[in-house]
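Please look over the sequence and the 3D structure shown below before reading on.

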Amino acid sequence: MSIFSIKTLTDYPPLEVKSFFYSQYFTDGLRITTGVLLPSLVLSHFGLFDIGFILSLGALCTCAIDSPGPVVHKRNAMAIGNLCVFLVALITGFARLNIFILGVEITVFSFIFSLLTVYGNRAASVGTASLLAMVFMMGKDTQPDEVLKFSGILLAGGVWYMLFSLLFFRIRPYRAAQQTLGENIADISKFLRIKADFYDVTKDIDDSYHRLVAQQVQVSQHQDAVREMLFKTRITVKESTNASRILVLTFVDLVDMFEQIMATHYDYSRIRETFKDSEVLMHINKLLHKMADELDNVGFMVLSNIRYKRINDLNKELEHLKIEIDKAGTNPEGASNLVLKKILINLRDLNQKIHNIYDYYNSSSSKLLFEKSSRIEFSKFVTHQDYAPHIFFDNLTFSSSAFKHALRVSLVCLTGFIVSKFIATGHHSYWILLTIIVILKPGFSLSKQRNYQRLIGTIIGAVVGVLILALVKNSTALFLIMLVFMVGTYSFIRLNYVVAVTFMTPFVLIMLKFVGISSYGIVQERILDTIIGSSIAFIASYFIFPSWEFEQIRENLRDVIHANVNYLVKIGYSLAGKSVDITEFKLARKDVFVHSANLSGAFQRMTSEPKSKQVRIKDIHKLVVLNHILSSYIAMIAAGMVGKPPRLARPSALRSLKRSIAVLNDTNKKLHGPVAELKIDKQLTEDFGPNGPEATADDNLLKEQLAFINKISNDIARVADGFATAIL
């Protein structure tokens, strides 16, 4: 079985545009649009549009849970979500008969369903779907004897969407994993392009670091998504077809490739100064961009199921670079070109890894796939969410950020409900509450960003919607336009929220016209309700139990320090002559990548917070950069050990490594974090006698690398000590 059809690449539109139409984002947009719209279209044909519309509302609630991930997780979450939607709709239908009871319900439900974030993002989406059902039911004028019927139809709509979505994935079981993998390849390509900028003397190094750590967050998030899609599904179905093997081997090689890109870290300021008069840096920059082009093409190949061969012969480029490096070694200043030779070796390895991935998709037999079968225990690389009830109750304390967020949401939703009753600009005042629910996020920076995006998108979308309604009178044309906007809304909802809301507003306005609600007053009402809801949410995120990044940054910092120490310990055991399983190395590497991305993400969010809340932000930026350098050098040493027999390092190297571990452990103790000890025989750290073996070139290189790691560790300790003192 193969997931690839045999085609050839001819003339295509720009690769990024093509990739979008093959991507998971666009597929999600088509699936959600079809699943939500189909009940209304089919039943309207039989004169039952009202029932079809309610079914579509139920599907709309459930589609909020249909986020990327293993099918079994989707199924369980949507099943639970449908049950919650039914119960919430039923309770709200009766509670809305009394304004005070409805106010209590809004407060309680907003708290309970917002606190589901303690069980992860998918559980949080179940809470969002339930709150959407509550808002939709509030806006529906139902009589008491109609409540059960309406709730049942809403449930039927949710069940329809769940079955439709699961059938979609059953037909093409590998498609979602392919798409997520292809998007991850594109992320690594962007990361490589930023790396190339370090060799461009016109680009600022600090700015490049800033963009690098931001892109690292994106890479890490997509890698986690791929792990969930591949490894959990693979474990569940216990299969080992060519299709699954291709995807798994590609991902494993991609992670190794990303580690190699991370490990190629040097003193770029010194390199620029030393070789500024040579063209060698320009050649390295161009070669890295060509490799990034190859990765983009690989990503498109994975997304589109197209087999084709490499478009560039980079071996010729590498030979040309070797000539340029040799020339640089003959400079009159006598500067050594050793660092350039190391770069050349890394580039050759990177080129080989790209070539290997091409081979997976162009090999006519499965022999290569079996030869490359990995011994890695994939189950260890995925996180397992604990859904024990005590987790919910353990978070009912002000020391829990999730509790404070849930309390904030409940109070703000109650405020929005009260405001909507006093400032009723039309029959859709529930839009205020809807705006609050989708905008209010656990952190201030995320709420601020979503607030800005919602406002801008609504205003632009309203203008577009008014123009369309004024200029287009044909119902068929309006329906087709609505379809385009609906697909655009759900295609960009995870990719670009401003664009999604810009599509959403005209789509809603056209839909309201089809159900008989059409006036410029509805546009004014939507804009005004969005502004009111956004204002309430923004004020609340600043004043009601606000969550600032500096309050969480210490946890991120100690986690990443511990991950680096654990990685160093694994290296230490290998250098002490002990055998370390490849899975342990890769698990340690994964932890470093994940926690580094968390620290970088926290820093990125802090930059959008008020200046008064950016506590020691310059120190945090230093720590992010220093952590990146430390992780890169550790990865550089580890890359030379994985899959090779353990070596016994010289005592001085082991002492240097132990000093680095001790420094980082001391820092983590001050941050109240865990420590990891390297326990080896003391005699291994004692110097050889006068008749001991001479140090080899590899020994000297290792000594130099460990000395630099020791220096970076001390730099991290110095900055972290000052930072820890400031936030205590």
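## The protein as a whole

Of the 728 residues in the protein, 53% are buried, where buried means under 20% relative accessible area, exposed means over 50%, and partly exposed lies in between, with a 1.4 Å probe and protein chains only. This is a predicted model, in which local features need pLDDT of at least 70 and side-chain atom pairs count only at pLDDT 80 or more, while totals for chains, interfaces and linings use all residues. Residues are numbered from 1 along each chain as its sequence is written, and side-chain values use heavy atoms, with hydrogens and water left out.

The protein has 27 helices and zero strands; these are DSSP runs numbered from the N terminus, with helices (H or I) of at least four residues and strands (E) of at least two.

## Helices α4 and α5

Helix α4 (residues 71-95) and helix α5 (residues 99-114) have axes that come within 9 Å and cross at roughly 160°. Because of this angle, α4 is roughly antiparallel to α5, in a scheme where angles under 35 degrees count as roughly parallel, over 145 as roughly antiparallel, 65 to 115 as roughly perpendicular and the rest as oblique. The axes are lines fitted to C-alpha atoms, for helices over the stretch in contact, and the angles run from 0 to 180 degrees between N-to-C directions.

The crossing of α4 and α5 is left-handed, a term used if the near helix is turned anticlockwise from the far one by less than a right angle, with right-handed used if it is turned clockwise. On the α4 side the contact involves C84, V88, I91, T92 and A95, which meet I101, L102, E105, F109 and F113 of α5. Sorted by class, the residues of this contact are eight nonpolar, one polar and one charged, where Ala, Val, Leu, Ile, Met, Phe, Trp, Tyr, Cys and Pro count as nonpolar, Asp, Glu, Lys and Arg as charged, and the others, Gly among them, as polar.

## Helices α20 and α21

Helix α20 (residues 475-492) packs with helix α21 (residues 497-514) at an angle of about 150°, and their axes are 8 Å apart. α20 and α21 also cross in a left-handed way. Residues of α20 in this contact include L478, F479 and M482, while those of α21 include F503, M504 and F507. The contact of α20 with α21 divides into 17 nonpolar, three polar and one charged residues.

## Buried residues in helices

N184 lies in helix α8 (residues 175-197), and with a relative accessible area of 0% it is buried. Apart from residues up to four places away in sequence, N184 touches V219, H222, Q223, V226, F251 and L254.

S574, in helix α23 (residues 549-575), is buried as well, with a relative accessible area of 4%. Neighbours within four places in sequence aside, S574 is in contact with V580, F585, M641, P646 and R647.

## Residues linked across the sequence

Which residue lies 416 residues from Y209 in sequence but 6.9 Å away in space, C-alpha to C-alpha? The residue is V625, and V625 is also among the contacts of Y209, together with F198, H265, Y268, H628 and I629, when neighbours within four places in sequence are left aside. Y209 is found in helix α9 (residues 205-237) and is buried, with a relative accessible area of 8%.

T117 sits in the loop between α5 and α6 (121-138) and is partly exposed at a relative accessible area of 30%. The C-alpha atoms of T117 and F392 are separated by 9.3 Å, although these residues are 275 residues apart along the chain. Residues up to four places away in sequence not counted, T117 touches A124 and A402.

## Positive phi values in loops

Most residues other than glycine have a negative phi. F545, which is not a glycine, has a positive phi near 45°; F545 lies in the loop between α22 (520-543) and α23 and is partly exposed, with a relative accessible area of 28%. H672 is likewise not a glycine and has a positive phi of about 60°. H672 belongs to the loop between α26 (651-670) and α27 (697-727), and at 57% relative accessibility H672 counts as exposed.

Definitions and conventions. Contact means heavy atoms within 4.5 Å.
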